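Let's take a walk through this structure together, starting from a single spot and then stepping back. Keep the 3D view open as you read.

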Amino acid sequence: MAGRNFLFVPGPTNVPDRVTRAMMVAMEDHRSPIFPELTRACLSALKPVFKTTSAVPILFPSSGTGCWEAAMTNCLNAGDKVLASRFGQFSHLWIDMCTRLGFEVEVLETPWGEGAPLDRYLASLSADKQHKIKAVLVCQNETATGVTSDVAAVRQAMNSVKHPALLFADSVSALASIDFRMDEWGVDVCVSGSQKGLMLPAGMGVTCVSQKALEAAKSATSKRCYFDYGDMVTSNATGYFPYTPSLPMLYGLREALAMIAEEGLENVFHRHTYLAAGVRAAVIEGWKLKLCATAPKWHSDTVSAIMVPEGINGAEVIARAFKRYNLALGAGLSQVAGKLFRIGHMGDLNELMLLGAIAGAEMAMLDVGVKIEPGSGVAAAQKYWRNHAAAAKSGSAA
Ligand code: PLP
């Protein structure tokens, strides 16, 4: 099909040309005397992205899923109990993994469209007088439903009852796009991946581990080998990896982190908030449709999950967008399959790119019979962004 493919799934995201170019390198000896420069550049530039000075970033040749597994198997003993909430496909998959790895999971079932239920985390933690819960899991940004949760408040709940469990946060679709604060929020393991806010291809698990979690890993009895934190930390300390790392991914990561530093991390967050608000204006004010996120406090700044009207199959909107307009939209997964489609708005993007996605979604919806006004989403997003710019000029923008 002529023209560019418009990639608007919530990961993988668009890889900036600068990063692609940085990845086009001849292979090198990963045991050379100069290799540690690359390792150290990547690991040290990741620390401010995780907002940590004391925790240790680790890169696994995996995706985010590998980092979930690493968190569980490095820090816990076989059969340990963990507390987690389920409110979408990714929080579900993490819980499913825990069960399959033999951990006992206390699941806080939560309607899809809501986020982490803080009162119920608190209730479970305060009822756990014998401290059987060894880790508390929370998905910061549920990509399947476009819902962001308050990780800091989960930590506050733990602290308020002096619960000693470790806190594991999934920030796969939040890191480097939505604020994440490893140290301030007392997160023990942050799980993420390369293909979202970090603007790289999929294939690198990007995680960060607190000193408390590393200490726990020294005596944890769960079986692991390839994903062993200890092996990685020991090797990385010398500037190397315990096995052959992906050279292009490391060069790409170094470049992506340089781009984030040049824009400024806080500016990256503001850009995501501003762009997301334009998409929400298109959905709510333009198309008069609903988001899956049931309240503004849950609205995600990296992905919008858009409910299609009764009688319309969201999968048809996605298929039409792809086949006719060369636009990739995110599918509804599991419980919400067919009920919604998703627009990813994370990573390397701007207003005009999003206007293309909004226009394409609009045309695909019209083609399959959704009763919306042509141009209404595009107009609402433009209006939001122009009003925002005008307010910023007059000094009253948020
Ligand atoms: N967690 C969340 C919130 C995700 O969005 C994803 C993937 O989209 C994952 C975990 C799994 O990560 P990966 O596909 O990189 O293994």
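**Starting from one serine**

Ser54 is partly exposed, since its relative accessible area is 39%, and that value falls between the 20% limit for buried and the 50% limit for exposed. Bear in mind that what you're looking at is a predicted model.

If you set aside the neighbours within four places in sequence, Ser54 is in contact with Asp183 and Gln211. Take Asp183: Ser54 and Asp183 are 129 residues apart along the chain, yet 7.5 Å separates their C-alpha atoms.

Among the contacts in the chain with a separation of 6 or more, 72% are between residues 24 or more positions apart.

Now for the chain as a whole. Along the principal axes, the C-alpha trace spans about 60 × 55 × 45 Å.

What share of the residues is buried? Of the 398 residues in the chain, 56% are buried. As for charge, the chain carries 37 positive and 36 negative side chains, with the centres of the two sets 2 Å apart.

Let's finish with the aromatic rings. A pair of such rings is described by how far apart the centres are and by the angle between the planes. The structure holds nine aromatic pairs. One of them joins Tyr226 and Phe227, with 5.4 Å from centre to centre and 85 degrees between the planes. Why does this pair count as edge-to-face? The angle of 85 degrees is over the 60 degrees that edge-to-face calls for, so the pair of Tyr226 and Phe227 gets that label.

The two partners differ in how much cover they have. Tyr226 has 41% relative accessibility, so it counts as partly exposed, whereas Phe227, at 16%, counts as buried because that value is under the 20% limit. Both belong to one aromatic cluster, made up of Phe60, Tyr226, Phe227, Tyr229 and Tyr243.

Notes: Residues numbered from 1 in each chain as written. Predicted model: local features only at pLDDT ≥ 70, side-chain atom pairs only at ≥ 80, totals over all residues. Heavy atoms only, no water. Buried < 20%, exposed > 50% of the residue type's maximum accessible area, 1.4 Å probe, protein only. Contact = heavy atoms within 4.5 Å. Lys, Arg positive; Asp, Glu negative; His and termini not counted. Charge placed at Lys NZ, Arg CZ, Asp CG, Glu CD. Phe/Tyr/Trp six-rings, centres within 6.5 Å; stacked < 30°, edge-to-face > 60°.
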